[in-house]
Each structure stands twice: as C-alpha cells, then as structure tokens.
Amino acid sequence: MPDMSASERAAGERVAGESRPDRPLVEIRDLRVSFEGVPALRGIDFAVSPGEAVGLVGESGCGKSITWLAALGLLGPTARVSGSVRLQGEELLGAPPARLDAVRGGRIAMIFQDPATALNPVHRLGWQVEEALRLHRGLEGAAARAEALRLFERVGIPDAARRLASYPHEMSGGQNQRVMIAMALAGAPDLLIADEPTTALDATIQAQILDLLREIQAEAGMAMVLISHDLGVVADLCTRVGVMYAGRLVEMAPAAELFAEPQHPYTCGLLGALPDMSGPRRRLVAIPGSVPEPGRLPAGCAFAPRCGFATAACAAGVPELEAVGEDHHAACARLPLPDAAAA
Amino acid sequence: MTKLLELDGVSRTYSSRSGLFGAPIPVRAVDGVSLSVAPGRTLGIVGESGCGKSTTGRLALGLERPDAGSVRFAGAPMPAPGTAAWRRQRARMQLVFQDPLGALDRRLPIARQIAEPLVVHGIGNRAEREARVAALLADVGLPAELGRRHPHELSGGQRQRAVLARALATNPSLLVCDEPISALDVSIQAQVVNMLADLQAERGIALIFISHDLKVVRQVSHEVAVMYLGRVVEQGDPDEIFAEPAHPYSRALVSAVPSVGPRRIERIVLKGDPPNPADRPSGCAFHPRCPLATAQCRAESPALRPLVDGRLVACHLAATRRLVA
C-alpha cells in the first residue's frame, strides 16, 4: 500500500485535500505523551488544514516539538503515547512501521534546528538527496540526479551542480539548512514540520531561509507547521499561531489577532517580555518565576503560580480551550481578563 | 565624559591552516577597532558569527593581547597577562557568557563558586565571604538556600543569575557580557535584562553587551557598534541606528529582525553567506553582498567617518549622504 501512494504522488498528484479545504490534513486529538510516568504532553487538540502555515510557540519543554515527534512515531520506546493523530482520516498512532516510513518524508517531512547533525557526514549531499528521491518517489539514476539538481537550484544553493558532490562539512550552516529543505521537498510532502529551522543561523541568513520557506510553501501548496521560540519568526510566516505552556495549548488564534489582542495571560506575558525595535524604550515586563518541571506541575492551571491574574479557583482544575472570538481559543479560567491586562 | 575602557585601533590576527599541510593563513579577527565605554554606560556590539565581536570583548578584558593598537582601562595601559598588576585589574573587569552551565563547575555548590573570585583575589575572611555571597545571591534575586545546590539543580535562568553573582563578587567596574541571554527562554531573558539594568543603575557598572539580538541590544545599550568581518561599520546612538541605519549592512541586519509588530523598514535579504575572514574581499569587505556597491567599493576600503548627526559610518555611499533619508 505505501508503495502505491508513493508512486501516485510521483505522478504529480498533489494534495487530495486541496479540493476539500474544509477537511483537515492532520487532526490531532487529545494527544498525550509521558516518559516514565512524567507527563510531557498533557492533551493536545490541533488541526492543520491543507496548505496553511501554522506556528507553534512556547518556551523550552512546553511540548511543541514532542507533539510532532509523537505524531510521527519518532519518540523512543520509553515514551507512552495516547490519543489520536489522523492524516486525512488515517490513524498514525500505532500504525505499522512500514506505513510510518512512507508517511515520514513522503507525506510529512521534518527539518530541524541543526542541519549539520541531521545530514550524514560521510555521504555526498547529492547522494543523500537522491536517496530521499528513491525512497519516496521511486526515482533512480539519471532521473534522480536531474531531480536532485532541480531541487538544489530551487532552494537557492549557488553552483548547485558542483555542490551535489560536496559533503556537509564543506557547507555553511545556512547552505546545509537549504540542503535539508531540498531533502524535505524531495518527497513532495503535504506537510512540512520546521522545528526551529533558523535558530542556529545568523540574522541575515535567517531572513533568507524564512523567505525560502515562504516561497516553497506557497508554490507547492504545502502545509507547514513552524515550531519556534521566536514570536517574530512565527509572526513573519504563519497565518495561525498556537501558544503552548507546560504540555498544553493555552491559546490558538489567527496570527495578527494573537499578537494584537492576546487573551491568555501567558501570551500577554510573552509579548510584554519582548523588547521593541522602535519607539521609546520601556522596562520589559518579565514573567516572574520559571517554567515548572514536568514532574512537579502545580494543581490546576500550570501557569497560575506565575500569573498576575490567578485566584484560588485557578488551582481547581486544568482549564480547557474555549472560544474567545472567531477562530480564537484560550484556556484560562479568568477570561476575559480585567482591563489592565490588555496593556 | 571620562572613559573607563578605551580600545584604540586594536587588531588581532590568528593563524589558520587550510587542511593538514596547508600553509598558515593569517585571519584578521579584529581589524583596527576603536571603541570606548564610560562608567555606568552600556556599549552594545552586534554582528553575525565571525564578525569579531567576541574577540573584541576578549581584547577589552585583556584576555588577549592586540597585535596592534592599545587597550586602556581607567586611563592606564593594560598590564601584560599573567602579571600581578594584570590579576589585580582582572578583579575589576569580569566576563559573562552564553552558556551558564559551561561556566559553572558541576561538582561544586553554587555558593562555593560565587565565593571563588573572593578567595582568588584574597578578599575578606571566611565569615565576611559568606556574608558577601549571601548579599550577592540576594542582589541577583536568588533565594539563599540555592547557594547549597549544584548547577544541575538550577534552571537556566537561575544558573545565569548565579554566574552574574560570581562576576559581581569582586565589585567590578566593567562587565563584558557575551550573548548573556541567548540560551534563555524569552520570559527569563526579560528578567535578566531588567536585572542587568538595575545592577548597572545601582553600581554604576560599565557594560559591554555583545549579542546577535538587535532588539535586546537596543533595549540595554547607550551606544551601539555594528561589526562586519572584524571592523566597525556603523557606530552611534542605538535609537538612531536601529530606526534609520546608514550602512547598507546595518540596514539589512535591522530589516532582518523578525518582528510581531508592523515592519518599519522593508526587508532587505542579502545574497550569500558572510564571507570567510581568511578570505577577505578587496575594498569594502561588504561589497560582494551589498546591493549598492560601486567600483569604488570594490577597490577602496571605506574609513569610519562621522555623519552630520554624529554617528560613525564606514561606507563610501553614506559619506555622500545618499543613504540617509
């Protein structure tokens, strides 16, 4: 079965969901992950529509990467995963390894923060891209070489023909990230998960890679989930943004609305903690304390101990995401916040 | 204003080899940089990897000797490394860098490590040192009992506070912070930035704040220097430079800052990677990536010259004010 879907895709058939935009490409329901009894992800509901760019922000350990590693069966045997992850209706959790192999890189591709460790240091770059083309599109020999060259040119690697013969260590960090993007595109995926793709790169190179991601996403009609700690990066690329804290989604909204009218106190706090690039300088509003350790979560809302709006009621139960506007959800028992919060 | 620290035309060249048997190639990490910082003020240094900002910080601290130029601290030349005078001076200037876990000894409790500079410099007796450590922990907002814990028992933000407490132990007049908050989460970054501002206001410490994060540099700095390939290309008031960058490189750098608000400067995406310092382009080192480069830029290296508003810019085109709106 996986072979059939791969060859169908090689024939250029793209995104069945495009004709049915109301049906999510990926639908995650009550996804939970724990490691040796310690919860890392505590019930996530999340859907990605075909062709849309969604951002996931949050601080280290909030679960934004774990969500997708769990969805793709990439967590080790110590992880206990429950819930449901459907790719156009097909359940991925507990799917046979051969099926997941076809999905990973084929339907859903992933790129990471550190391209140098994701590439194989002992193989030439061209060989690595051709391998992806062979696995996911069944291309061999000259056809694979021609397609690898096309992909290298597409992602803007200068002197592409010669670079196919290079090794990862001969390339800069920015060029290696372009190679990773070329490999991700090799399978013509429906969804690209980009996990902190520009965090290790210099500012001007980050701008190049963000532009490239925007272009290929629009051009291929591919959906993208951009995982980042940098709200600016997410604002730049995504139309919808989810904010995670301590293994839960705490707010989800259209990007412009989230940044202009954040509802959850944690989102407000994150935005207040960012220095501005223009206007008068003001003292930053820091969120007091630090993220709780996964094994020592407070009762009820995990953000309550750091929250200026918390009351005794916040410890009573974990708040669920509730609608606070059109397509805008937040998980906070104190909503709407008193007026002072808006500032 | 009297300067606490003055770098005057400092250069630092390293030797690098291409391959195992290649001939050594001189690499100018820092090339004729002149900067200064006054007591109680912050000099921000921004630029991308390989621009020489960290080497500049090490030259400022006397951890490296310049091959050319001079470093003066409190009006006197920097003593030779390893001498008694150098050690005395070192107590007055401290370095804080990105990775607090790497800067701390994993086997020792935090309080012992904060006391270490006091022991090294022979300051106080045991009881006085204990009192000083308690005061330092309070100064950086750490509860006293954390002093008994080991580095791995602290969060990233707490570790960076501990590193700061240790740096403050000898009551330095200069702190060089090299990417001090880059490894921290956003909400913790703001805590550390605010704390640095408070400590500076209370103690009149001069700061050299080295970072790739322009937003944070703007937040903390009184003056900012933009470096490219070992040289300062623009220097002046951070509000002016970040609102209206005059050098095409500063302009690209500022325009590349991802922002949640509306963009004030249209994004300029530079082509290519930052060049290799071992293979410095002719003329202006930025010309291969510069959208405005002319024949003059390829041939002549521009000097850092003042514009009418007082900031310094090293660009042939900025000098004719064609770049300044």
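1. What share of the contacts in chain A with a separation of 6 or more comes from residues 24 or more positions apart? The share is 64%, where two residues are in contact if their C-beta atoms, placed from the backbone, lie within 7 Å.

2. This is a predicted model, in which local features need pLDDT of at least 70 and side-chain atom pairs count only at pLDDT 80 or more, while totals for chains, interfaces and linings use all residues. Residues are numbered from 1 along each chain as its sequence is written, and chains are lettered from A and ligands numbered from 1 in the order in which they are written.

3. Chain A holds 12 helices and 12 strands, these being DSSP runs numbered from the N terminus (helices H or I, at least four residues; strands E, at least two). The radius of gyration of chain A, 21 Å, is close to the 20 Å that the globule rule gives for 343 residues, so chain A is as compact as a globular protein of that length; the radius is taken over C-alpha atoms, and the rule is 2.2 Å times the number of residues to the power 0.38. The C-alpha trace of chain A spans about 65 × 45 × 40 Å along its principal axes.

4. Of the 343 residues in chain A, 46% are buried, a residue being buried if 20 or more other C-beta atoms lie within 10 Å of its own, exposed if 12 or fewer, and partly exposed in between, with C-beta atoms placed from the backbone. A:Ile28, in strand β1 (residues 26-35) of chain A, counts as buried because it has 23 C-beta neighbours inside 10 Å. Not counting residues up to four places away in sequence, A:Ile28 touches A:Ile44, A:Asp45, A:Phe46, A:Ala47, A:Ala71 and A:Val85. The C-alpha atoms of A:Ile28 and A:Gly83 are separated by 7.8 Å, although these residues lie 55 residues apart along the chain.

5. The largest nonpolar core has 196 residues, such a core being a set of buried Ala, Val, Leu, Ile, Met, Phe, Trp, Tyr and Cys residues joined through C-beta atoms within 7 Å. Helix α8 (residues 173-186) of chain A gives the most to this core, with eight residues. Among the residues with the most contacts inside the core is A:Val225; leaving aside neighbours within four places in sequence, A:Val225 is in contact with A:Val48, A:Val54, A:Leu56, A:Trp68, A:Leu191 and A:Ile193.

6. The contact between the chains takes 34 residues from chain B and 36 residues from chain A. On the side of chain B that touches chain A, the largest share, eight residues, comes from α7(B). The residues of that side divide into 17 nonpolar, 10 polar and seven charged, where Ala, Val, Leu, Ile, Met, Phe, Trp, Tyr, Cys and Pro count as nonpolar, Asp, Glu, Lys and Arg as charged, and the others, Gly among them, as polar.

7. Eight of the eight residues of α10(B) are buried, so this helix is largely enclosed by the rest of the structure. The cover over these buried residues includes α9 (203-220) of chain A, together with α8, β9 (223-228), β10 (231-236) and α9 of chain B.

8. Chain B is divided into domain 1 (5-92 + 172-319) and domain 2 (106-171), with bounds that come from an automatic or database domain assignment. The contact takes 11 residues from domain 1 of chain B and 10 residues from domain 2 of chain B.
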